[in-house]
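Here is a colleague's note for someone opening this structure for the first time. The points go from the chain as a whole to single residues.

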Amino acid sequence: MGWGTGPAVAGRGRLTWPNDEWNVAAALCATQLPLVWLAWLFFVGAGQDDYGRGGGAFGVLCVPLILPLLGLVHSSAQVMPAATLARLLTRRLRGPEWAWHVGMSVLVGVAWAGLGHWVWDWSLRDTLPWFAGAGVLPVLFLAPLCRRAWGGWSLWFRMAGICFVLFVVGGLSVAALADDYEPPRLSSGQLVGEWRGEDGAVLRLAPGGRAELTRVPAQPDFEADQDYTRCDGTGTWARDRYGDREAVLVRLDGGCGEDTHWTISGSGQDPELFALFGDPDAGDLLILAQD
């Protein structure tokens with residue numbers, strides 16, 4: 001499979017990135033993002049708690065507005081650098097350029113996953129397959145589209161139609177899977193113990209309803225201009241319901257923060273308590289895991 005003879009491949013053999021080829025790569029990367037989202041939804045997100053975040057449908061409608069930018073970033077960070085590496089290799093080694101391009105795209109994705117693991121401590125098990133696989137489909141379709149000389153706005157209009165269909169399918173899938181998650185049913189005895197979160201947060205729930213807090217987030221005072229405050233001290237806890245979910249209601253003895261509901265989440269093997277502070281769509285989600 002070669003690069004064809006259309007305007008998008010005028011730079012065959014060169015190490016620079018022709019604008020038309022770059023445009024096709026960006027459009028392909030943008031178009032596959034709904035597929036990546038659907039794959040994540042079915043293989044990772046299905047049956048998981050949404051932690052009470054609202055605006056799911058609105059979010060799906062907003063995503064297409066940023067797809068072109070995401071496609072440009074993805075193509076610039078993975079697909080086009082891999083094309084340069086492939087052209088360098090085909091000058092010295094045998095084999096079709098498209099095959100080298102696929103291999104180099106996977107390698108670049110692995111490098112990005114490694115960088116994320118090194119800098120931000122991302123899990124390689126979770127990120128490496130997605131980073132490596134995200135560069136395959138755009139490369140496989142790049143050469144055929146280049147031969148057809150698809151480019152400019154006509155290409156983006158075609159890709160927009162495909163994205164629309166994929167987002168409709170994705171929206172229906174989200175609606176179908178929205179109620180799949182079932183939070184664990186924890187007894188009062190199972191709630192007793194230490195629950196830990198980020199930045200040194202420790203919530204100790206003792207038998208009899210006493211609680212001890214160390215840097216635990218809590219609802220702020222009514223006049224406060226922040227989404228939550230961190231509190232130290234003692235208080236009480238009790239089983240309660242928050243919306244349609246079981247939760248733990250924590251009351252502090254002192255003047256730090258207001259009563260806070262910690263909703264039960266996670267699984268029976270790895271239970272969690274969570275609280276969503278501020279805007280339900282863009283607020284701060286704080287999670288405590290049992291120690």
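1. The largest cavity has a volume of about 30 Å³, and by the rule used here there is one cavity of 30 Å³ or more. A cavity is a set of points, on a 1 Å grid over the protein atoms alone, where a 1.4 Å probe fits but cannot get out, and its lining residues have an atom within 4 Å of a point. Grid points are joined across faces, edges and corners, and a volume is the space filled by probe spheres set on the points.

2. Some ground rules come before the rest. This is a predicted model, in which local features need pLDDT of at least 70 and side-chain atom pairs count only at pLDDT 80 or more, while totals for chains, interfaces and linings use all residues. Residues are numbered from 1 along each chain as its sequence is written, and side-chain values use heavy atoms, with hydrogens and water left out.

3. The lining of the largest cavity is made by Gly197, Glu198, Ala201, Pro217, Arg230, Trp262, Leu286, Ile287 and Leu288. Strand β8 (residues 284–290) supplies the largest share of that lining, three residues. By type, the lining residues divide into six nonpolar, one polar and two charged, where Ala, Val, Leu, Ile, Met, Phe, Trp, Tyr, Cys and Pro count as nonpolar, Asp, Glu, Lys and Arg as charged, and the others, Gly among them, as polar.

4. For the chain as a whole, the secondary structure comes to seven helices and eight strands; these are DSSP runs numbered from the N terminus, with helices (H or I) of at least four residues and strands (E) of at least two. Of its 291 residues, 36% count as buried, a term that means under 20% relative accessible area, with exposed meaning over 50% and partly exposed in between (1.4 Å probe, protein chains only). The accessible surface of the chain comes to about 16,000 Å², and 61% of it belongs to carbon and sulfur atoms. Among contacts (heavy atoms within 4.5 Å) between residues at least 6 apart in sequence, 58% join residues at least 24 apart.

5. The second largest pocket has a volume of about 370 Å³, a pocket being an open set of grid points with protein on both sides within 12 Å along at least five of seven lines. Of the 13 residues that line the second largest pocket, Leu33, His74, Gln78, Phe131 and Ala134 are the closest to its centre. Two or more lining residues come from each of α1 (19–45), α2 (56–90), α3 (97–120) and α4 (124–133), and α2 gives the most, with five residues. The lining of this pocket divides into nine nonpolar, four polar and no charged residues.

6. How many aromatic pairs does a search of the whole structure find? There are four, where rings of Phe, Tyr and Trp (its six-membered ring) pair if their centres lie within 6.5 Å, and planes under 30 degrees apart count as stacked, over 60 as edge-to-face and the rest as tilted. One of them is the tilted pair of Trp122 and Phe131, at 6.0 Å centre to centre and 50 degrees between the planes. Trp122 is partly exposed at 35% relative accessible area, and Phe131 is partly exposed at 29%. Trp120, Trp122 and Phe131 form one aromatic cluster.

7. The pair of Trp262 and Phe277 is edge-to-face, because the ring centres are 6.2 Å apart and the planes stand at 75 degrees. Since Trp262 lies in strand β6 and Phe277 in strand β7 (residues 271–277), this pair ties together parts that are 15 residues apart in sequence. Trp262 is buried, at 1% relative accessibility, and Phe277 is buried as well, at 0%.

8. Ile264 is also found in strand β6 (residues 260–266), and with 2% relative accessibility it counts as buried. Leaving aside neighbours within four places in sequence, Ile264 is in contact with residues including Pro183, Leu191, Arg245 and Leu273. The C-alpha atoms of Ile264 and Arg185, which are 79 residues apart along the chain, are separated by 8.2 Å.

9. Two backbone angles deserve a look. Most residues other than glycine have a negative phi. Asp121, in the loop between α3 and α4, has a positive phi of about 65 degrees, and this residue is exposed at 61% relative accessible area. Asp199 has a positive phi near 60 degrees; Asp199 is found in the loop between β1 (193–196) and β2 (202–205) and counts as exposed, at 52% relative accessibility.

Methods:
Accessible areas come from the Shrake-Rupley method with a 1.4 Å probe; for residues, only the protein chains shown count as cover.
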